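Dear colleague,

Please find below the structure that I promised to hand over, with the sequence alongside it. My notes on what was found follow directly after it.

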Amino acid sequence: MRFRHQRTAAAVALAAAAVIGLPACSVVLGEEESILDAASLTVGVKTDQPRLGAEDDNGDLTGFDVDVALYIAGRLGFAAEDVEVTGITSADRERELINEDVDMVVATYSITPARKTEVTFGGPYYVAKQDVLVRDEDTDVRGVRDLEGRSVCHEEGSNSAARIREGLGIDVEQREASNYSACIKALREGEVDAVSTDNLILAGFLAEEPGTFRLVNEPFTDEKYGVGLPHGDVRACEEVNRAINQMYRDGTAADLLETWFGETDLQLVTSVPQFEGCDPA
């Protein structure tokens, strides 16, 4: 593996030697490269998901995922000035990690077996649940099976609509958009009947436009939000898991969830998630 912000080999060796008191040359030999060896860190987050990752009035990226990313980066040893948070889309998450355009992804990135063949996941840092958002006046949809024969929008690169059609065998018309903001616009304007994805994403949009939409609030899957890392970077994965564990145990996770979603009436999970393990698929 090669990382864009990698320190020189000499710097890595000297740092390691200082810690364990061994000659520098013996430390570097055979050691796997990791984003932990970098001088800076670039993290991909969403830019269009209110309360998770979105631009504020000043053009800054804010939200739960952004705060989680900064907390983890700090626990990994990166100073705030050495962390760059940049926008990423669902369709580009694997590609940007593989191409080394980003070092880490914290972007409502559900852990799946297929993705594990290309990406190493730390976490999950939260377990959301897939749900359905409809227009407020639509009282006919009370659960996912009421979507039979209706149009459902999902973001390009997301598995949400496929889980309904292929996973549950419900005959829905799948509509794909460039992002979930576009799906929400289509729902608002009556171009689709529903938007289905993780309840944290839907709750963020619901909170931004009260009275416009209704969350069905009948979840039907677990969505394990992982921290995407370069495939095979086990060292970074293990440190990310330690950081997430600490984030829950010191109360930071509960505080962040309350800050961003406390007014949405979702049942928020504030216990440490069960980690997936770091061995590459």
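Asp37 is buried, at a relative accessible area of 9%, where buried means under 20% relative accessible area, exposed over 50% and partly exposed in between, with a 1.4 Å probe and protein chains only. Its partner in a salt bridge is Arg235, with the closest N and O atoms 2.7 Å apart; a salt bridge is taken here as a side-chain nitrogen of Lys or Arg within 4 Å of a carboxyl oxygen of Asp or Glu. The two residues come from distant parts of the chain, since Arg235 belongs to helix H9 (residues 234-249) and Asp37 to the loop between H2 and E1, 198 residues apart. Helices (H or I, at least four residues) and strands (E, at least two) are DSSP runs, numbered from the N terminus. Arg235 itself counts as partly exposed, at 30% relative accessibility.

Before going further, please keep in mind that this is a predicted model, in which local features need pLDDT of at least 70 and side-chain atom pairs count only at pLDDT 80 or more, while totals for chains, interfaces and linings use all residues. Residues are numbered from 1 along each chain as its sequence is written, and side-chain values use heavy atoms, with hydrogens and water left out.

Glu32 is exposed, with a relative accessible area of 55%, and, leaving aside its neighbours within four places in sequence, it is in contact (heavy atoms within 4.5 Å) with Asp37 and Arg235. Glu32 and Gly232 are 9.0 Å apart in space, C-alpha to C-alpha, although 200 residues separate them in sequence.

The structure holds 20 salt bridges, and some others deserve a mention. Glu94 pairs with Arg115, the closest N and O atoms being 3.5 Å apart; because Glu94 lies in helix H4 (residues 93-98) and Arg115 in helix H5 (residues 113-116), this pair ties together parts that are 21 residues apart in sequence. Both partners are buried, Glu94 with a relative accessible area of 14% and Arg115 with one of 8%. The salt bridge between Glu276 and Lys224 (3.0 Å, N to O) links the segment after helix H10 (252-261), which holds Glu276, to strand E12, which holds Lys224, across 52 residues. Here Glu276 is partly exposed at 29%, and Lys224 is partly exposed at 32%. There is also a network of salt bridges that links Asp92, Arg95, Glu96 and Asp101.

Turning to the aromatic residues, a search of the whole structure finds five aromatic pairs, where rings of Phe, Tyr and Trp (its six-membered ring) pair if their centres lie within 6.5 Å, and planes under 30 degrees apart count as stacked, over 60 as edge-to-face and the rest as tilted. The rings of Phe64 and Tyr125 have centres 6.4 Å apart and planes at 40°, so this pair is tilted. Phe64 is in helix H3 (residues 64-75) and Tyr125 in strand E7 (residues 119-135), 61 residues apart. Phe64 is buried at 0% relative accessibility, and Tyr125 is likewise buried at 0%. Tyr109 and Phe121 form an edge-to-face pair, 4.9 Å centre to centre with 70° between the planes; Tyr109 lies in strand E6 (residues 104-110) and Phe121 in strand E7, so the pair ties together parts that are twelve residues apart in sequence. Tyr109 and Phe121 are both buried. One aromatic cluster is formed by Phe64, Tyr125, Tyr126, Tyr225 and Phe261.

Two strands are said to pair if DSSP finds at least two bridges between them, and E7 pairs in the antiparallel sense with strand E12 (residues 221-230) over nine bridges, with Val119 having Pro230 as its bridge partner in E12. E7 also pairs antiparallel with strand E10 (residues 194-198) over four bridges, where Asp131 stands opposite Thr197. Three bridges join E7 to strand E11 (residues 213-215), again antiparallel, and there Arg135 stands opposite Phe213.
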